[in-house]
Each structure stands twice: as structure tokens, then as C-alpha cells.
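Me: I am new to this structure. Please show it, and then take me through a few questions.

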Amino acid sequence: GSRGGEWLTCRNLMITMALGGLWHGASWTFVLWGVFHGALLAAGRVVPVPSWAKASWTRPGWVILTFVAVSIGWVLFRAQTFAQAATVLNGLVVPISGRSLPREQVVMVLAGLAAVFVGGAVDIRKILLRLPEPVAAAGLAAFALVYFLLLPLSASGFIYFNF
């Protein structure tokens, strides 16, 4: 579907992603989720990126932008109705008085953002290959320990069990 020029490629991306959304569930929120991702893919092909934005120092910003865009899409995927999606998306940008994150959760969110920033700016594999094996192994073990400590105590059901 990408041999007929940019216009046909973008059209085919939109159709494919809309059908992918419909495949995930017979709800308009799934179709919108697919169309949203199709629009992101098409925009990624046709929107020109300035040369300065291709520099390695901008990579963490692109990683964060991609994460935010995909996360917005997941709201559409998870919502039962457009109204529910609108409520969640509105809550992401409009503060609600009286609610705030506990200090521990703020620290975890900031640590996660820092990890995304560092992970986007640094090639971890190169660093691990330069370290002595015991140090690299200890670092990976510490990462795994923190990962398992931060897991929720109770698991929610796998989303595809709803289908």
C-alpha cells in the first residue's frame, strides 16, 4: 500500500488503522482509536521535520511526545463511550480542586520521566558493554528489583478478556 505516492500511502494507513480499531472491538471508540493512530502515522510521513529537530539532543523530547500521543490513544481504546473518554482527557488537562498526588507518587512520576529522558538521550547498551560484567549485572539486578517493588499488589484483568 505504499507504492502509489504519499497520498495513497496516507489513505491506506488511515484505512488499515481504522480497520484495526474495528477489529479490536465493535465500538466507535475503537474505530476512533484506529483513526487517531492512522492520523499520527500519516502525519509522521508528511509533516516536514526541521533539521534542528533531528539532532540527537532532541530525541528525549520526541520520545516523550510519542508517549503522550500514544497514551491519549489508549484513553480512547479503554473508554466505553466518547463521553467517558472526554471526561478522562479533560481530567488530564484541567485541574480538579482538592485532588493531588501523594508525595511518593509525585517522586515516582518524576523518576519515570527522568528515566524516559535518560533512556532517550543515552544508549544504555553501549554503557552496559563498557562496564565490567559484575557491575553491569548488579545494575540490571537493581533495575529488576525496583521494577518488581513498584508493581501493583493486585493485578487487573487482561484487557482482551473483555472481548
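Reply: A crossing is left-handed if the near helix is turned anticlockwise from the far one by less than a right angle, and right-handed if clockwise. This is a predicted model, where local features need pLDDT of at least 70, side-chain atom pairs count only at pLDDT 80 or more, and totals for chains, interfaces and linings use all residues. Residues are numbered from 1 along each chain as its sequence is written, and side-chain values use heavy atoms, leaving out hydrogens and water.

Me: In which crossing does α2 pass α3?
Reply: Helices here are DSSP runs (H or I, at least four residues), numbered from the N terminus. Helix α2 covers residues 28-46 and helix α3 residues 59-78. The crossing of α2 past α3 is left-handed.

Me: Are α2 and α3 roughly parallel or antiparallel to each other?
Reply: Their axes, lines fitted to C-alpha atoms over the stretch in contact, lie 8 Å apart. The packing angle is about 160°, on a scale from 0 to 180 degrees between N-to-C directions. Angles over 145 degrees count as roughly antiparallel, under 35 as roughly parallel, 65 to 115 as roughly perpendicular and the rest as oblique. Therefore α2 and α3 are roughly antiparallel.

Me: Is His-37 buried or exposed?
Reply: His-37 sits in helix α2. Buried means under 20% relative accessible area, exposed over 50%, partly exposed in between (1.4 Å probe, protein chains only). With a relative accessible area of 12%, His-37 is buried.

Me: How far apart in space are Asn-90 and Arg-11, C-alpha to C-alpha?
Reply: Asn-90 belongs to helix α4, residues 82-93. Asn-90 and Arg-11 are 79 residues apart in sequence. In space, C-alpha to C-alpha, the distance between Asn-90 and Arg-11 is 30 Å.

Note on methods: Helices (H or I, at least four residues) and strands (E, at least two) are DSSP runs, numbered from the N terminus.
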